[in-house]
Amino acid sequence: MSASNASRGLGPGARDLLRGPSTAVVCVDADGMIFLWGPEAQSLLGYRADEICGTQAVELLTVQEDRDAARAAHERGLTGRIWDGVIGLRHRDGHSVEAALRVRPVERAEGRAGWSVSAADAREAERDCVDRAILEALFSQSPISVTVMDAGLRHLRVNAAAESITSFPAELLIGRRIGELTPRGGVEEIEGVLRRVRDTGEPVLDFKFAGYVPSDPDREHVWSLSSFRLTDPAGGLLGMCQTFVDVTEGHRAQQRLALLARRASASTAPST
């Protein structure tokens, strides 16, 4: 199996596109016949195994040029190469599915046995890939502290910024509640917010509290906390996700402005 020059390659991120749980794996023998077809393949293209096994894999290609290229590659003996790309496949109901594919040879001791084909809906696979990249960046690069708590208010995951603020590595924080390693102000307030989010499902935005952190123990900080509930696809509670933003300087500036406003108001007030 191969593809025409019009087919879009996956590029260096191809491996990420085809590692999701919905990725289908299909096996094709040396003559190009499909002989293994799993439930993920049925979900992707609609065919049952008893309908598709024993048919030529190239017949699933929607573009005639791609079919011709695949047959020509087979005849020239070039099909032992690994190929990655995005190509149109024919769904059982007739519409075309843009699929990310990886085709690689499968060999036996006595010679080539055929190919293993990994396939996934290209749009969904690319979206999943972007989602994973965002999640990875959030927990490794974001300057904003991010934590995930379970229903018992214990840390499930923390990002690098949260580790820096607490001065504790993730290994020590996971499984522990806020303030368990070292007492600090605002713990009861924070846990109250998390319980409310957990129990009502209503997110909390910009909840401000004051406290101390091990990384700066002699200076009170003011934090802005936002939290929302995490649920599984069935709506079951997984926990709560929080962001913490240090707003100390802005808070102090507001206090100074408020103080100046009060003094100005007092100095201009008429005497009685």
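**Entry 1: confidence**

pLDDT is the predictor's confidence in each residue, on a scale from 0 to 100. I started there since I'm looking at a predicted model, where local features need pLDDT of at least 70, side-chain atom pairs count only at pLDDT 80 or more, and totals for chains, interfaces and linings use all residues. Residues are numbered from 1 along each chain as its sequence is written, and side-chain values use heavy atoms, with hydrogens and water left out.

For the protein I got a mean pLDDT of 82, with 85% of its residues at 70 or more. Next I wanted helices and strands, which are DSSP runs numbered from the N terminus (H or I, at least four residues, for a helix; E, at least two, for a strand). Where is confidence lowest, and where highest? Helix 1 (residues 14–17) is lowest with a mean of 52, and helix 3 (residues 49–52) is highest at 95. I also noted that pLDDT stays under 50 over residues 1–15. The model still has 37 contacts beyond four places in sequence for that stretch, a contact being heavy atoms within 4.5 Å.

**Entry 2: the whole protein**

I counted up the secondary structure: 9 helices and 10 strands. Of the 272 residues, 37% count as buried. (Buried is under 20% relative accessible area, exposed is over 50%, and partly exposed is in between, using a 1.4 Å probe and protein chains only.) Among contacts with a separation of 6 or more, 46% are between residues 24 or more positions apart.

**Entry 3: the cores**

I looked up nonpolar cores, meaning sets of buried Ala, Val, Leu, Ile, Met, Phe, Trp, Tyr and Cys residues joined through side-chain atoms within 4.5 Å. The largest has 25 residues, and I34, W37, L45, L60, L89 and L101 have the most contacts inside it. Strands 1, 2, 3, 4 and 5 and helix 2 each supply at least two residues of this core. Which strand gives the largest share? That is strand 4, with 4 residues.

Leaving out residues up to four places away in sequence, I34 touches V26, C27, V28, I52, C53, G54, T55, A57 and L60.

**Entry 4: a cavity**

A cavity is a set of points, on a 1 Å grid over the protein atoms alone, where a 1.4 Å probe fits but cannot get out; lining residues have an atom within 4 Å of a point. I found 3 cavities of 30 Å³ or more, where volume is the space filled by probe spheres set on the points, which are joined across faces, edges and corners. Of its 15 lining residues, V26, W37, L60, L89 and V117 are closest to its centre. The whole lining is nonpolar: 15 nonpolar, no polar and no charged residues. (Nonpolar covers Ala, Val, Leu, Ile, Met, Phe, Trp, Tyr, Cys and Pro; charged covers Asp, Glu, Lys and Arg; the others, Gly among them, are polar.)

L153 sits in the loop between strand 6 (145–149) and strand 7 (155–158). L153 has a positive phi of about 65 degrees, though it is not a glycine. Is L153 buried or exposed? Its relative accessibility is 2%, so L153 counts as buried.

E191, in helix 8 (residues 187–200), touches L153, R177 and I178, not counting residues up to four places away in sequence. E191 counts as buried because its relative accessibility is 9%.

D206 lies in strand 8 (residues 204–213). Its phi is positive, near 55 degrees, and D206 isn't a glycine. At 42% relative accessibility, D206 counts as partly exposed.

Key. 1 Å grid on protein atoms, 1.4 Å probe; cavity = no way out; pocket = protein on both sides within 12 Å on 5 of 7 lines; lining within 4 Å.
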